[in-house]
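Trainee: I've got a model open and I'd like to learn how to read it. Could you walk me through a few features?

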Amino acid sequence: MAAITARDLKIQTDVVRRLCKELDSYKSELHAHEEKVKQLSAEGEDEARLRQWSNVIEETRNMIPCTEARLSEAVSKLEDTLALARTSSSSEVQKQIADTERILETAK
């Protein structure tokens with residue numbers, strides 16, 4: 001395989017970072033929507049509007065496993081790249097390794 005560059009490692013690290021943020025966003029969005037439905041239900045909102053919100057919740061809930069799978073795949077790919085990067089003598093790659101390891105810890 002070709003030598004790993006700092007740019008390659010940074011790109012893959014940023015993919016994992018973005019997917020972590022995306023997953024957190026979906027989870028917080030799901031929680032917010034569920035709270036909204038509880039509030040609307042307590043206020044006696046009509047059934048059509050509650051069904052609409054239930055559909056939004058279901059769509060958000062369906063995105064979580066998809067995002068988790070993409071994150072898992074990206075983490076696996078990044079771990080492989082990191083293993084190759086550790087053999088590099090480039091100082092730029094060595095600097096990027098620390099950031100990559102930190103992101104991997106938060107992703108797991």
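Trainee: Let's start with valine 75. Which residues does valine 75 touch, not counting those up to four places away in sequence?

Mentor: Keep in mind that this is a predicted model. Skipping residues up to four places away, you'll find valine 75 touching Val16, Leu104, Ala107 and Lys108.

Trainee: And how many residues does the largest nonpolar core have?

Mentor: That core has 26 residues, and Val75 is listed among those with the most contacts inside it, along with Leu9, Val16, Leu71, Ala85, Val93 and Ile97. The elements giving it two or more residues are helix 1, helix 2 (47–85) and helix 3 (91–107).

Trainee: Take helix 1, then. How far does helix 1 reach from its first C-alpha to its last?

Mentor: A handy check is to set the reach against the expected span at 1.5 Å a residue. Helix 1 has 37 residues and reaches 54 Å, close to the 54 Å expected. Just after helix 1 comes glycine 44, with a positive phi of about 80°.

Trainee: What does UniProt place at residues 16–43?

Mentor: An unreviewed UniProt entry puts a "coiled-coil region" there.

Trainee: Which residues is tyrosine 26 in contact with, leaving aside its neighbours within four places in sequence?

Mentor: Those are Thr60, Met63, Ile64 and Thr67. For serine 90, 64 residues from tyrosine 26 along the chain, the separation between the two C-alpha atoms is 37 Å.

Trainee: Now the cysteines. How many disulfides does the count come to?

Mentor: The general idea first: a disulfide is a covalent bond between the sulfur atoms of two cysteines. Here the count comes to zero. Cysteine 20 is in no disulfide, and the nearest cysteine sulfur, that of cysteine 66, is 15 Å away.

Note on methods:
Residues are numbered from 1 along each chain as its sequence is written. This is a predicted model: local features need pLDDT of at least 70, side-chain atom pairs count only at pLDDT 80 or more; totals for chains, interfaces and linings use all residues. Side-chain values use heavy atoms; hydrogens and water are left out. UniProt positions are given in the numbering used here, feature names are shortened, and annotations may be inferred rather than shown by experiment. Contact means heavy atoms within 4.5 Å. A nonpolar core is a set of buried Ala, Val, Leu, Ile, Met, Phe, Trp, Tyr and Cys residues joined through side-chain atoms within 4.5 Å. Buried means under 20% relative accessible area, exposed over 50%, partly exposed in between (1.4 Å probe, protein chains only). Helices (H or I, at least four residues) and strands (E, at least two) are DSSP runs, numbered from the N terminus. A disulfide is a pair of cysteine sulfur atoms within 2.5 Å. The expected span of a helix is 1.5 Å times one less than its number of residues.
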